[in-house]
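The paragraphs below lead through its helix packing, its loops and its chains.

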Amino acid sequence: MRSFKIVSGLTAATCVALALSACAGGSTGSTTAAAASNSASPASSSSDAASSASAASSTPAESGAAKECTGSVGFMGPITGGAASIGAEQLNFTQLAVDNFNTKSGSTYKVVQGDTQLDPGQASTIGQQFVSNSAIFGVVGPAGSPGVDAVGPPFGKADMAFISASATATKLSDGSYPTFFRTIPNDSVQGPTDADFISGTLGAKKVVIVEEKTSYGEGVATSVKDALVKNGVSVTVVRVSKDQPDYSAIVTSVANDTDVVFVTFQIAANSQVLATQLKQQGKKAVVFGSDGSFSEDFKTPGSYVSSFAPDINGIPADAEIIKQYDAKYGAFGTTYGPPIYVAAQALVEAAQRACEAGSITRADVLAQVKQTKIENALTGGTMSFTAKGDVEGAKFYVFKINESGKPVFVK
Amino acid sequence: MNYLTQQLVNGLTLGSVYALIALGYTLIYGVLQLLNFAHGDVYMVGSFAGYFTMIGLGGPQNPMVPIWVMILLMFLAGMVVSGGLGVMIEKFAYRPLRSSPRITSLISALGVSLFLESAVLLLFGPKIRNYDTTDYIPIGTGIHIGGVTIEPMRILLIVISAVLMVVLILVVNKTRLGRGMRAVAYDSDAAVMMGVDVNRVIMLTFLIASALAGAAGVMVGLVYFTINNYMGFLAGLKAFAAAVVGGIGSIPGAVLGGLLIGFLESLAAGYLSPNFANVITFAALIAVMLVKPRGLLGRSAIVKV
């Protein structure tokens with residue numbers, strides 16, 4: 001009898017917890033209780049990284065004899081949890097950028113890992129730890145927009161520059177967080193680019209937007225919807241949890257005369273499942289994925305996907321870095337890595353400039369980050385920040401998936 | 001009408017998966033009164049075993065054996081690996097704690113669950129794996145009635161689930177092992193005195209329950225394509241809820257509970273809101289529990305006076 005009561009109690013608790021997590025939009029989605037690992041990893045200077053110096057060059061940093069400096073870069077991203085595949089690549093690219101810079105400059109910068117699990121609560125805890133760790137002069141991350149909201153105020157107070165490579169919510173750069181920067185365009189750029197392509201080039205009249213219930217999904221979906229409605233397209237929005245294993249029910253509800261299904265998943269494999277199920281149920285709609293779907297996992301021929309870079313694998317300056325990454329960590333599958341490489345690069349180069357001008361304080365590094373100008377950046381072209389911390393002249397690009405499942409540049 | 005039928009097909013597919021996992025929960029609870037929270041992760045490991053068997057046989061695009069042989073071997077691998085894992089979990093994580101308070105085993109189960117999730121993450125990395133079923137089962141095959149489509153893998157899933165459930169019911173009710181299971185469930189001390197090898201019965205219970213989860217894992221890969229190391233958590237929770245709603249300890253109850261959740265989820269997503277599908281499903285389940293606290297097919301408690 002007692003055990004039965006325990007079972008009933010647990011079931012009720014489970015039901016309530018699940019209901020609440022669904023209401024919250026499934027922002028965590030992870031079961032592991034891994035705490036932030038706040039151990040500094042030694043900055044290894046791999047010899048094979050030496051050849052990358054030219055690709056990772058920055059004009060202001062090349063100032064003759066480099067001074068040997070030390071300090072730590074804080075990394076905030078989902079190293080474990082449901083988005084671990086993204087976080088692992090972000091961490092690896094951060095480490096690679098720091099290693100390459102160490103090899104080039106003779107300095108010994110380190111990366112301190114902070115596992116946010118894509119959870120703003122966890123991000124807040126790690127943010128406090130980073131602020132009180134005097135070795136950390138700046139932070140790469142957090143990965144998601146809610147995480148940026150969580151650490152924006154304490155980092156602002158501490159003059160801690162933080163550069164996110166995946167937080168796209170437009171409002172983050174409205175001046176509320178003066179030490180915030182990002183290396184990717186925000187949602188206000190992606191929305192109109194994708195919407196104009198859908199209504200103009202594809203001539204769509206009826207669109208279904210599948211919005212992943214995360215701040216990423218919501219931001220992109222809202223931006224695309226607004227632009228589509230402005231273009232006179234009929235839009236239906238369907239919201240789904242990112243942990244949904246099956247999209248059959250949603251696919252069934254897509255009307256047969258729908259021209260395009262726009263998906264805002266952060267995990268490209270989910271877009272692939274939805275696209276396949278659409279075909280299985282005989283729906284004619286074409287799938288268009290936001291930048292979260294730009295990955296080898298999304299490979300349904302005839303689909304479209306947008307990206308913040310023309311083609312990472314096609315930028316000549318990137319070949320060396322991609323080769324190094326492949327050799328060290330294996331092939332990368334998402335578009336999340338290269339922007340964070342640029343973020344880490346901007347931060348250590350700023351630290352180096354601050355060090356050569358005197359000392360590495362957070363305020364000095366912040367001032368130098370604002371002066372960032374990276375030529376031949378891994379994300380294409382020259383990268384610098386606007387006064388609000390956005391990327392100067394940011395653009396989005398559209399690709400079509402060809403018969404062999406590879407994205408081909410369209411516009 | 002087509003819309004409703006298609007949603008019911010979707011629900012039946014999903015429900016069959018939940019039912020298979022729920023059977024494992026209910027079987028283990030019935031025999032040990034243990035909530036095996038690692039069960040969802042055993043299902044996840046089964047789906048990885050099936051995936052790597054497929055890769056080992058040449059991958060989805062160039063299989064070295066006929067498709068049906070490959071699928072059969074994937075099921076076998078999933079069931080054998082998960083079954084073996086279940087036996088090991090019982091031996092190392094639960095048996096030493098059998099005489100401890102029940103909450104100790106529950107904590108151990110949660111520990112095993114986290115261990116398995118992290119072990120798979122460490123061994124195979126965080127990459128989401130894809131069964132790429134449509135590479136070897138072309139899109140467009142299957143049954144088409146009006147606008148309703150039932151793909152071959154869904155038919156296979158529903159048939160295999162039904163067969164496994166019937167076999168399980170026969171094993172429990174008609175065999176010597178089943179009699180042993182029922183005896184241990186009823187009174188394990190008395191079963192020992194009557195010559196039942198309790199350890200063996202419990203081990204075999206874990207073997208069967210985990211093998212069913214392994215089969216469910218492979219099916220999910222074949223029908224829904226993608227698998228990852230965290231997939232067991234939510235599926236396990238839903239299957240657990242299914243087992244409880246059906247009446248934990250009852251085999252037909254687990255099947256009924258699983259199907260109920262599958263249908264509720266599909267209909268809620270199709271007619272109301274995909275975003276609130278979980279909320280609606282679990283609100284309905286809470287309502288069921290309020291009316292029938294022992295679950296739909298749960299036996300009423302007989303209290304010794």
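In chain A, helix α10 (residues 337-357) packs against helix α11 (residues 362-370) at an angle of about 120°, and their axes are 8 Å apart. That angle makes α10(A) oblique to α11(A); angles under 35 degrees count as roughly parallel, over 145 as roughly antiparallel, 65 to 115 as roughly perpendicular, and the rest as oblique. Axes here are lines fitted to C-alpha atoms, for helices over the stretch in contact, and angles run from 0 to 180 degrees between N-to-C directions. Helices (H or I, at least four residues) and strands (E, at least two) are DSSP runs, numbered from the N terminus. This is a predicted model, in which local features need pLDDT of at least 70 and side-chain atom pairs count only at pLDDT 80 or more, while totals for chains, interfaces and linings use all residues. Residues are numbered from 1 along each chain as its sequence is written, and chains are lettered from A and ligands numbered from 1 in the order in which they are written.

The crossing of α10(A) past α11(A) is right-handed, a crossing being left-handed if the near helix is turned anticlockwise from the far one by less than a right angle, and right-handed if clockwise. On the side of α10(A), the contact is made by Ala346(A), Leu347(A), Ala350(A), Ala351(A), Arg353(A) and Ala354(A), and on the side of α11(A) by Asp364(A), Val365(A), Gln368(A) and Val369(A). Two residues are in contact if their C-beta atoms, placed from the backbone, lie within 7 Å. By class, this contact of α10(A) with α11(A) has seven nonpolar, one polar and two charged residues (Ala, Val, Leu, Ile, Met, Phe, Trp, Tyr, Cys and Pro count as nonpolar, Asp, Glu, Lys and Arg as charged, and the others, Gly among them, as polar).

In the loop between β3 (108-115) and α3 (120-132) of chain A lies Gln117(A), which has a positive phi of about 55° although it is not a glycine. Leu118(A) lies in the loop between β3 and α3 of chain A, and has a positive phi of about 60°, again without being a glycine. Gln117(A) counts as buried because it has 30 C-beta neighbours inside 10 Å; a residue is buried if 20 or more other C-beta atoms lie within 10 Å of its own, exposed if 12 or fewer, and partly exposed in between. Leu118(A), with 30 C-beta neighbours inside 10 Å, counts as buried. The loop between β4 (136-140) and α4 (145-157) of chain A contains Pro142(A), which a cis peptide bond with omega of about -5° joins to Gly141(A).

Taken as a whole, chain A has eleven helices and 15 strands. Of its 411 residues, 61% are buried.

Chain B comes to eleven helices and four strands. Its radius of gyration is 19 Å, close to the 19 Å that the globule rule gives for 305 residues, so chain B is as compact as a globular protein of that length; the radius is taken over C-alpha atoms, and the rule is 2.2 Å times the number of residues to the power 0.38. Buried residues make up 53% of the 305 residues in chain B.

Chain B also has a helix pair: α9 (residues 231-246) and α10 (residues 251-272) pack at an angle of about 125°, with their axes 7 Å apart. α9(B) and α10(B) are therefore oblique to each other.
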